[in-house]
Amino acid sequence: MTVSDKESPKNISATEYILTNFQRSDRVAVLLRNSGRGETVQRITTAGKIAEPSFQDWLRHKNEKESFDIYIGMNTVKPEARTRTKKDIETIRHLYIDIDHDGPAALAKIQQSNLVPPRNYTLNTSPDRFQVVWRVENISQEQAESLQRAMVRKFGGDPAATDSTRVLRLPGFLNRKYEPEFLVQATRHTDRVYHPQDFRLRTELIETDFRPHRQAPQLAPSQPRQLSQSEHDWAYAKRALARGDDPEELIRRIADFRAGEKHDPLDYARRTVTKAQAELENDRRSAQSHRPASPDSSERTI
């Protein structure tokens, strides 16, 4: 059966978006990033504080006058949290998917699918790029991330945007990443709150694309080796570069994925991608050096 949104879509403001998605006492992360300067600012405070006119004025000044992009964490953090890592997440409030290519087609697939319920919000973040959000409750961090990975596999989207610590664009602010700048707008489709059983996607299949496809060397069962965070990111970067992804876009994805975990996520992402580029080039040279000589070669052996 095809699912369609019965409610009339409604564009909403940043303040309305915040207060609809969170209780005033919820602690939420707001992230500001100036890609040109490589500068990131994070504030963790209550949703009520973020919605206040003075805080909104500060965000607008940073966005319009200082060219910062404005993001908000979609899940609440613990009372004592000062960072936005997985262990800091207190409650899963949303599932989401970041559609960074073939936006209209992906939206149509989501709307027509009976595997997911009607979406709560669609954020238009730049031409033909969207972020889709569902409000949820009674869902674990592991369930949320598994479902988000499954949605990326089913509908397409950014595989780096499946982490529960992810920040999404805050509507009502300019996307300063592109020229010309783009006003991010949110459309509300429904106020329903969903549960895990409302999502009928299979979640047990593949790991997210933000994981290496090669297997680590076999070790004794008593000595399992877990790949480090840097190894995960480096392997992802190497695969993405090999399939032709733009290095600058790749740097943004990794920086977004690790924002809140790294002191300077943009510098970390750039070093990771540079290392992956160098390793990929070494692999190509090695492959060429081991390639049999062409029969047409002037250095043919007789």
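Which residues line the second largest pocket?

## Basis of the model

This is a predicted model, in which local features need pLDDT of at least 70 and side-chain atom pairs count only at pLDDT 80 or more, while totals for chains, interfaces and linings use all residues. Residues are numbered from 1 along each chain as its sequence is written, and side-chain values use heavy atoms, with hydrogens and water left out.

## The second largest pocket

The lining consists of Arg 33, Ser 35, Lys 177, Tyr 178, Asp 246, Glu 248, Glu 249, Ile 251, Arg 252, Ala 255, Leu 266 and Arg 270. Two elements each give two or more residues to this lining, helix H7 (247-258) and helix H8 (265-289); the largest share, 5 residues, comes from H7. Helices here are DSSP runs (H or I, at least four residues), numbered from the N terminus.

By class, the lining residues comprise 4 nonpolar, 1 polar and 7 charged. Ala, Val, Leu, Ile, Met, Phe, Trp, Tyr, Cys and Pro count as nonpolar, Asp, Glu, Lys and Arg as charged, and the others, Gly among them, as polar. A pocket is an open set of points on a 1 Å grid over the protein atoms alone, where a 1.4 Å probe fits, with protein on both sides within 12 Å along at least five of seven lines; lining residues have an atom within 4 Å of a point.

## Arg 252 in helix H7

Arg 252, one of the lining residues, lies in helix H7. Arg 252 counts as buried because its relative accessibility is 16%, buried meaning under 20% relative accessible area (1.4 Å probe, protein chains only). Leaving aside neighbours within four places in sequence, Arg 252 is in contact with Asp 158, Arg 166 and Lys 177 (heavy atoms within 4.5 Å).

Notes:
Buried means under 20% relative accessible area, exposed over 50%, partly exposed in between (1.4 Å probe, protein chains only).
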